[in-house]
Amino acid sequence: MSAFYFGPSDRQLFGYHHLPRPPVSDAVLICPSWGGEYEYAHRALVVLSKRLAGRGCHVLRFDYSGTGDSWGDSTDADLHRWREDVDRAVDELRAASGREQVSIVGLRLGAAVAAGAGAVADASTRLVLWDPIVDGDAWVAGLGSGTAGDDGLVEFGRSLVTRTFVDQIAGVGPETFEGLTTREVLLLLTAGEESSGSGILPEAPRLERVTMEQPSPWVEDESIWTGQVPVDAVRTIAEWVA
Amino acid sequence: MKETALNFGQGGSLVGILTRPDEVQQGDLAVIFLNAGILHRVGPNRIHVRLARHLADRGVTSLRMDLPGVGDSGMLGTGLSLAEEGRQGIHAAMDLLQRQEVASRFVVFGLCSGADAAFQIACLEPRVVGIALVDPTRLFATWQSWARKILRGALRPAAWLRLFTGRHHVLRRLQRKLGMGPEEQGSEAGPAAGPPAAGDGRGATALSGEDIQELAREALRGLVGRDVRILHVVTGDQSHLYNYRDQFLDAFPDIGLERVARLEFFPRASHTFFRESQRIELENAMSGWMASERFPRPTSSSDGSLGG
């Protein structure tokens, strides 16, 4: 297992490669959420990655531009750029694993980012949409954003971001996921999120929908100051992917 | 500025990000950021990343690391307690940076439980020449802080209502002192965690508030003796425990703390600095302190350990 940077030298992305326990089965990219959800769910995504690696998967976790340990400030956050980051990470994962077929696990906003990435054009790409953000407007309203100043920046989700970024998120809707209609997809919904995924991919023949009474890892549990690890959800994803 | 991912420690199980400035202003000195609770090394609201880059722009090298068992770091496999593995992890980080001739003196930054860990490692490790403690979990009351708290409470109608209906916490405490009420559950001395330098609490007997303050006093006396520089930052989220800037100095008089400590009190800031203006305030406090301090050069005879 190792932490590393990849991408252009002036726009490096942070990645963490979990090496598989042989025999090697798959290659999996993890797309996190953003803001507080990114922080709180980090632990659960580490556990998921270890579980997948234990089942023979090369796993790459990474941070989008302007988030985590990757280059850039919060004001560099941009959904279009993040989709390019996903594609770059897929290339990196393919090179590191030697496997062409890649599965992508997208949590919350990460699911919407992954659904629009170029890598999804590959018919062999499989996706896990974990509590996806389907109503961007509602999510933006829930986080609350102030009025942008003259510089076009606004405090949103405890970060300073561009108004453009907020608008991009607000624009996320069921249609964001339409490119996945013919893909093999696991839609996993935890407690309280059962309704959020109801509007997406209504006629997708290869969609498997699973609802679980599990804590949402991207919600802060105030007793531990971070998110819980929903072990049953993690096991379900690992079994579906590998 | 150049950032490098490091895998180090036993079997490469520890992870950190080394941030090196284009032009080093403080040769042989590096800041090490410790985890806040079990949040990974990025820090709440990315403050460790921002601080590291802010400091790099001012010529300061830093490492933000995950302690063993936190974030991306695995355990070291020593079989020792989590707290002891944490200390070994910090030693490993310092050894690595020293071996690579990046730094031989260290300033350790911590928020919340990270501040406790920073304090503890400073007491044990002579290469630590400075600590930046943000909202440590143990804050010590003074007469002035009690007076301010009471005064503030007196201005609230709800407090008077509780007083007249016998539900005020001061009345309940008085009743307990007089043996007229139930035993006290917990303590108001701090929001969580154990005393500084009291280990991880496994098998430890409970210490009184006075015992803890005395332990802290002795530890601080050791740091003052080594000329270790201290930045002590408290946010408004702790105002029920800490309510004026110099409270830390007043809680530990007569040990020369004022010679080494700089105090900051940010009454409008939250514990995790969730507003941009709060993060900028912290960044400026940290870089201003780093630029103005003359961090000591440890001698081989420096020890400063707490013992016991």
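This is a predicted model: local features need pLDDT of at least 70, side-chain atom pairs count only at pLDDT 80 or more; totals for chains, interfaces and linings use all residues.
Two strands pair if DSSP finds at least two bridges between them, and by that rule strand S3 (residues 29-33) of chain B and strand S5 of chain B pair in the parallel sense, over 5 bridges.

**Strand S5 of chain B and its partners**

- Within the pairing of S3(B) with S5(B), B:Val31 has B:Val107 of S5(B) as its bridge partner.

**Burial of S5(B)**

- Because 7 of the 7 residues of S5(B), residues 105-111, are buried, the strand is largely enclosed by the rest of the structure.
- Both faces are covered, with B:Arg105, B:Val107, B:Phe109 and B:Leu111 buried on one side, and B:Phe106, B:Val108 and B:Gly110 buried on the other.

**A:Val28 in chain A**

- A:Val28 lies in strand S3 (residues 26-31) of chain A, and since its relative accessibility is 0%, A:Val28 counts as buried.
- Apart from neighbours within four places in sequence, A:Val28 is in contact with several residues, including A:Leu52, A:His58, A:Leu93, A:Val105 and A:Val241.
- A:Glu208 is 180 residues from A:Val28 in sequence, and the C-alpha to C-alpha separation of the two in space is 18 Å.

Key. Residues are numbered from 1 along each chain as its sequence is written. Chains are lettered from A and ligands numbered from 1 in the order in which they are written. Side-chain values use heavy atoms; hydrogens and water are left out. Buried means under 20% relative accessible area, exposed over 50%, partly exposed in between (1.4 Å probe, protein chains only). Helices (H or I, at least four residues) and strands (E, at least two) are DSSP runs, numbered from the N terminus. Contact means heavy atoms within 4.5 Å.
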